[in-house]
Amino acid sequence: MALHFSRVDTGDLELWIASSDDYSFVISNESRSGPSLRGEPGFVASYRPDFLNNPAAQVPGSPFGAFAEAERACNAFLGHLIIEG
């Protein structure tokens with residue numbers, strides 16, 4: 001199962017959201033300054049189990065230098081979660 005990310009227009013923020021049956025994923029474009037989220041520059045990917053009331057956790061390797069890298073990491077991590085889960 002591959003995640004398909006949809007861009008969410010929030011004005012100044014760049015966010016992409018995808019979900020599987022049990023997990024939600026978000027990719028955000030972060031920078032040290034400017035209109036995006038503040039943090040280590042790059043594309044930060046995070047996930048949250050939909051069946052637990054836990055905060056989001058970063059996908060290993062975040063931040064990524066390109067959106068495509070973050071998307072691949074999310075899909076690979078989802079495969080890991082499904083196998084382990």
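Q: Are Tyr47 and Phe77 buried or exposed?

A: This is a predicted model, and in it both Tyr47 and Phe77 are buried.

Q: How many aromatic pairs does the structure hold, and what is the geometry between Phe25 and Tyr47?

A: There are seven aromatic pairs in the structure. To read one of them, take the distance between ring centres together with the angle between the planes, where an angle under 30 degrees counts as stacked, one over 60 as edge-to-face, and the rest as tilted. For Phe25 and Tyr47 the centres are 6.2 Å apart and the planes stand at 35°, so this pair is tilted. Phe25 belongs to strand β3 and Tyr47 to strand β5, so the pair ties together parts of the chain that are 22 residues apart in sequence.

Q: What geometry do Tyr47 and Phe77 have, and which elements does that pair link?

A: Tyr47 and Phe77 also form a tilted aromatic pair, with 4.9 Å from centre to centre and 55° between the planes. This pair links distant parts of the chain, since Tyr47 sits in strand β5 and Phe77 in helix α1, 30 residues apart. Elsewhere, one aromatic cluster is formed by Phe5, Trp16, Phe43 and Phe67.

Q: Which residues touch the most other members of the largest nonpolar core?

A: The general idea is that in soluble globular proteins nonpolar side chains tend to be buried together. Here the largest nonpolar core has 18 residues, and Phe5, Phe25, Ile27, Val59 and Cys74 are those that touch the most other members. Two or more residues of this core come from each of β2, β3 (23-31), β5 (42-49) and α1 (67-84). The largest contribution is that of α1, which gives six residues.

Q: With which residues is Val59 in contact, leaving aside its neighbours within four places in sequence?

A: A contact list is read by asking which parts of the chain it brings together. With those neighbours left aside, Val59 is in contact with Phe25, Ala45, Ser46, Tyr47, Ala73, Cys74 and Phe77. Both members of the tilted pair Tyr47 and Phe77 are thus on the list for Val59.

Q: How do strands β1 and β2 pair, and what lies between them?

A: Pairing is read from the sense of the strands and from the bridges that connect them. Strand β1 (residues 6-9) pairs with strand β2 (residues 14-19) in the antiparallel sense, over four bridges. Ser6 stands opposite Ile17 in β2, while Val8 has Leu15 of β2 as its bridge partner. The two strands form a hairpin with four residues between them, and Gly11 in the turn has a positive phi of about 90°.

Q: How many bridges pair β2 with β3, and how many residues join them?

A: The pairing of β2 with β3 is antiparallel and runs over five bridges, and the hairpin joins these strands through three residues.

Q: In what order do the elements of the chain run?

A: An overall reading places the separate features along the chain. The chain has one helix and six strands, and from the N terminus on they run β-β-β-β-β-β-α. Of the 85 residues, 35% are buried.

Definitions and conventions:
Residues are numbered from 1 along each chain as its sequence is written. This is a predicted model: local features need pLDDT of at least 70, side-chain atom pairs count only at pLDDT 80 or more; totals for chains, interfaces and linings use all residues. Side-chain values use heavy atoms; hydrogens and water are left out. Two strands pair if DSSP finds at least two bridges between them. Buried means under 20% relative accessible area, exposed over 50%, partly exposed in between (1.4 Å probe, protein chains only). A nonpolar core is a set of buried Ala, Val, Leu, Ile, Met, Phe, Trp, Tyr and Cys residues joined through side-chain atoms within 4.5 Å. Contact means heavy atoms within 4.5 Å. Rings of Phe, Tyr and Trp (its six-membered ring) pair if their centres lie within 6.5 Å; planes under 30 degrees apart count as stacked, over 60 as edge-to-face and the rest as tilted.
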